Amino acid sequence: MGDPLGSEEASLATKTGIKSDPPLTETVATAEDWRRALGKVVPAVVVLRTTACRAFDTESAGASYATGFIVDKRRGVILTNRHVVKPGPVVAEAMFVNREEIPIYPVYRDPVHDFGFFSYDPSAVQFLSYEEIPLAPEAASVGLEIRVVGNDSGEKVSILAGTLARLDRDAPHYKKDGYNDFNTFYMQAASGTKGGSSGSPVIDWQGRAVALNAGSKSSSASAFFLPLQRVVRALSFLQKSIDSCTDKPKAVHIPRGTLQMTFVHKGFDEIRRLGLRSETEQVVRHASPPGETGMLVVDSVVPNGPADKHLEPGDVLIRVNGKVLTQFLNLENLIDDGVGQIVELEIERGGQPISVSVSVQDLHSITPDHFLEVSGAVIHPLSYQQARNFRFPCGLAYVADPGYMLFRAGVPRHSIIKKVANEDISCLADLISVLSKLSRGARVPLEYMSHTDRHRKKSVLVTIDRHEWYAPPQLYTRNDSSGLWDVKPAIEPAAVPPSIGNSGLPICQNTESMHEVVRGVTDTAATMEASSGDGSQNDFGVEAKKQRVEDDSLDGTVANGSLYESESKSDDAMATDNLVLRDYESATALPANASLAERAIEPALVMFEVHVPPSCSLDGVHSQHFFGTGIIIYHSSNMGLAVVDKNTVAISASDVMLSFAAFPVEIPGEVVFLHPVHNYALIAYNPLAMGPASASVIRAAELLPEPALQRGDSVYLVGLSRNLQATSRKSIVTNPCAALNIGSADSPRYRATNMEVIELDTDFGSSFSGALTDEQGRIRAIWGSFSTQVKYSSTSSEDHQFVRGIPIYAISQVLEKIITGGNGPELLINGVKRPMPLVRILEVELYPTLLSKARSFGLSDEWIQILVKKDPVRRQVLRVKGCLAGSKAENLLEQGDMVLAVNKMPVTCYNDIEAACRTLDTGSHSDENLNLTILRQGREMELVVGTDKRDGNGTTRAINWCGCVVQDPHSAVRALGFLPEEGHGVYVTRWCHGSPAHRYGLYALQWIVEVNGKKTPDLNAFADATKELEHGQFVRIRTVHLNGKPRVLTLKQDLHYWPTWELRFDPETALWRRNILKALK
């Protein structure tokens, strides 16, 4: 009798139609054989650390671990998976078992199958003796005992045992919109591999690789292995290419053909149901290898490909060039060797024999090897992989990453761009051509399609970045000789049109006196720039400023599509505007039952839409997109100012768009003032951008700071819905002086402190903002949104928002200083410099305590009587919660101190402290100190505490180094009460996927205090330290986390994909500039 195990294996091999090794060879393997085989294999297996620097094709930007193994020691070739090599830019290192780490470079990634090759310098491995792992695809057989050696679950070296169960499994399907292998069989075994083992060798007891580990099923222990036949062929071409290089490496060419169609292998039983004739089945079974169980059936055809219009899903393949063909491998051999030739296919469609002639296309010609990077977006020709997934033709303009500009317009990832500025886009070159004609700030229609809704095209408005948030458009091209992607400008600088103003009006240089500017009668410039650290730059770039001096008669194209030939309009044009205005007024008339307050304030309501560029997510801002209602508080012929809460305009580095309730126009605005403490921001806009017709309907609201609201007062809550419809209701003030107590978020961001807000009995919910008015529509308070974070546990939290009233008196004081001229640095608003206000504050966070409780902490009866007499309503005393780190009060006041009086005047609320600070600026002396009377641990003390002056600029400078954004610590970080002792350091506010910071763990929420031993107390010192670093150099960094924990890490600088640059506000031009600090020559 024969061996029963051998009979079973022979039976299984017969069913799969694949010849296997004699089964008895496996039975002789002993533990010593495996130990000896693994002793040779393990040194040749390497841990791969890969960083995908950009999103591309099916892959996202990111850092990951995987496995590879040496298949050619002399030439330095490592085999791994395609999804490890990546189709796009990648930086990688290989670490051997002895912890030697060497750089590696991609030399080939297969367009279809899940394998690719890295190259390395063999001489770089100095301390390890290892041998290459031979490839033996013919040794794979059902029942073969195997070992998977690799970096399973990040464990560096793991060895998993298994037995090959199937050799004819369908290629695994991973994602609907990601990479999937096809037109091949896979092997299957229950080896239970997990993440990190991709690219591991599947070896037999002789130490030969019989397959390549590729994937697994998370719901079971099944692992999927790629057969090595095509790998052996590709490696042979690669070795010949390397041998033919005499001086420098050259790109390897491995012939690959395609018909742009997918086959699946189906059993004869199912094929009969598709209509296969019995005589055809008999011919196929006779001509096929013994044990053949099925045939190839067309599963899908890519539109506009070679097989399109010739083949259809369900077609059964009979012969290719007259030869019966039932296996993927034979078909692929024929197609790869026949690039550019015609193949004759004989098929049966519903039982009807059909012969077609199809041209074999070069597969590499439809594999994208370049991409456009614009405003953070990655756009490239649609690959064969995604064309197959989405059923679109190859080569279309495909959005691999929407970045900022396209995300702002609502264009999702995986979209296909069809039109821009009403011009058809059929390929990437068309898109670049259109972009070269558009100026900064231009708003043009964009039409796109999505695979999730493929039968409808969607149209959006895309705004070309007015600010230098990102580098100019760049074109990356793959260079297989170096393993890098070469970069060059996508648009020649001379081809870029000059920037234009908000309104497209000619920009006239102002020559009037500052006194006249304050009266608001001379500013005719059509732009406004923020002198703050606001990350916003205007439509008017430097090019426009130069142009207005040279040619005042320039015609400008307005961002929203209207065109003005001069500052004055013809009578016909004015008549048309008036007609439009009348039609709009009649169409948007308020309901007859609208309140008087609603009617009065409706012309001053404005809806804000704010977008924050990811590259400038400063100060811990927690989102990229905000909505909110604001109020126009100043409007003249040359400048408009609107106020909104800081949960809508969180930082200055943002793009702000304003939509007015009373007039159908959307225009950009610029952040001109962010209050350092209170929850409001002032946004400037250019009235000229709205056109003359708006002058009669847009007006500022009347402010009524006095008298302050009292409990029981009736107010009208008025705001805008998302469709710009005014909404109001009458409410009662329940608490006019509710003290806020908002805790710090996990990622520190602005939070309202030292504020008293107004509470109502009823409102419209937590997402409705607007204003509180009296019956005549006069503004008593801003109804603003506040951000907070609700923490459910130490690891679980959720962002929430609530709305409260912000008294108008604080806003009116700042507004007056802006109009009449402040005491701070000048800011360019609509082309005119205006001195902005400075705010003197005591950088101490306070909270109120009821006098009844304060008595228990040692407050005397005498002080209680004084404070009650001062404020019989609140009956409270202010206590110190903490001092801002680095403030003048930091080492003087302590947590728990009770502030009883300032300059001998009793204080009971935050407004008392602010009034004392304002007094310092109005006096004739230049004293910056407050005399505080405090109670500390039951003992009354007198202290002289310094105050600080803060502007409304926000953060004015940030540096992007190795993909992490660093800035000076902002107030929310300083409010934690801690700065590193080592000179404070620079604060990491965010990091980018696929960057060295991501790869080496330089994440946010920490300070960098040293770079290669050089202290970095501020951005200047940090910039000087990083300028000395070269490309590829390892850098030693010392950091301190927010929790105070120090850490030392190393990071390898990559100037090719991640140059060092800074975003800085230029006060002379009121523009944000992106300056390169260090890059490759």
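**Close-up 1. Surroundings of Val-47 in the predicted model.** Leaving aside neighbours within four places in sequence, Val-47 is in contact with Tyr-65, Ala-66, Glu-93, Ala-94, Met-95, Asn-151 and Lys-156, in a model that is predicted. Val-47 belongs to strand 1, which covers residues 45-52, and with a relative accessible area of 5% this residue counts as buried, because the cut-off for that word is under 20%. Phe-96 stands 49 residues from Val-47 in sequence, yet the C-alpha atoms of Val-47 and Phe-96 are 6.6 Å apart in space.

**Close-up 2. Lys-646, a buried lysine with no salt bridge.** Lys-646 sits in the loop that runs between strand 34 (640-644) and strand 35 (655-660). The nearest side chain of opposite charge is that of Asp-619, 7.7 Å away from Lys-646, whereas a polar atom of the Lys-646 side chain lies 2.7 Å from the backbone oxygen of His-675. When residues up to four places away in sequence are not counted, Lys-646 touches Leu-674, His-675, His-678, Asn-679, Tyr-680, Ala-681 and Tyr-750.

**Close-up 3. Packing of helix 5 against helix 8.** Helix 5, made up of residues 229-244, packs with helix 8, made up of residues 328-336, at an angle of about 25 degrees, and the axes of the two helices are 11 Å apart. Helix 5 is therefore roughly parallel to helix 8, a description used for angles under 35 degrees. On the side of helix 5 the contact is made by Gln-229, Arg-230 and Arg-233, and on the side of helix 8 by Leu-329, Glu-332, Asn-333 and Asp-336.

Terms used. Residues are numbered from 1 along each chain as its sequence is written. This is a predicted model: local features need pLDDT of at least 70, side-chain atom pairs count only at pLDDT 80 or more; totals for chains, interfaces and linings use all residues. Side-chain values use heavy atoms; hydrogens and water are left out. Helices (H or I, at least four residues) and strands (E, at least two) are DSSP runs, numbered from the N terminus. Buried means under 20% relative accessible area, exposed over 50%, partly exposed in between (1.4 Å probe, protein chains only). Contact means heavy atoms within 4.5 Å. Lys and Arg count as positive and Asp and Glu as negative; His and the chain ends are not counted. A salt bridge is a side-chain nitrogen of Lys or Arg within 4 Å of a carboxyl oxygen of Asp or Glu. A polar contact is a pair of N or O atoms within 3.5 Å; within protein, one must be able to donate a hydrogen and the other to accept it, and residues adjacent in sequence count only if both atoms are side-chain atoms. Axes are lines fitted to C-alpha atoms, for helices over the stretch in contact, and angles run from 0 to 180 degrees between N-to-C directions. Angles under 35 degrees count as roughly parallel, over 145 as roughly antiparallel, 65 to 115 as roughly perpendicular and the rest as oblique.
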